[in-house]
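Good morning, colleagues. Please look at the structure now on the screen; I shall speak about its charged side chains and then about the chain as a whole.

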Amino acid sequence: MDDKYTKEYCLHIRLEELLKEKGISRAKLCKDLDLQRTNLNRYYRNQAQRLDADLIVSLCKYLQCNISDLLEIRKKSTSFQ
């Protein structure tokens, strides 16, 4: 899909920010949720092309946050275009 909104905006996964706020390492998160590090890193680095709904639920429950705390729509910076 290529429309005016996806050209200007992107989905941002706030996993890095939330982990830093809560003092949780990626290694601990992977161990506690039984995740592969490579899969988690795609979310952490905002490189996931498709989101796994079950993983999003697990992350929200583990981090004790709402989905809107984890995912947000941001305006793309000029470096993305």
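**Salt bridges and overall layout**

Lys28 and Asp32 stand four residues apart in helix α3 (residues 26–33), so about one helical turn separates them. Helices here are DSSP runs of H or I with at least four residues, strands are runs of E with at least two, and both are numbered from the N terminus.

This is a predicted model, in which local features need pLDDT of at least 70 and side-chain atom pairs count only at pLDDT 80 or more, while totals for chains, interfaces and linings use all residues. Residues are numbered from 1 along each chain as its sequence is written, and side-chain values use heavy atoms, with hydrogens and water left out.

Lys28 and Asp32 form a salt bridge, their closest N and O atoms being 2.7 Å apart. By salt bridge I mean a side-chain nitrogen of Lys or Arg within 4 Å of a carboxyl oxygen of Asp or Glu.

How many salt bridges does a search of the whole structure find? The search finds six. One of them joins Glu8 and Lys75, with 3.0 Å between the closest N and O atoms. Glu8 belongs to helix α1 (residues 4–8) and Lys75 to strand β2 (residues 71–75), so this pair ties together parts 67 residues apart in sequence.

Within helix α2 (residues 15–22), Lys20 and Glu16 are four residues apart, and their side chains also meet in a salt bridge, at 3.0 Å from N to O.

Finally, the protein chain as a whole has six helices and two strands, in the order α-β-α-α-α-α-α-β.
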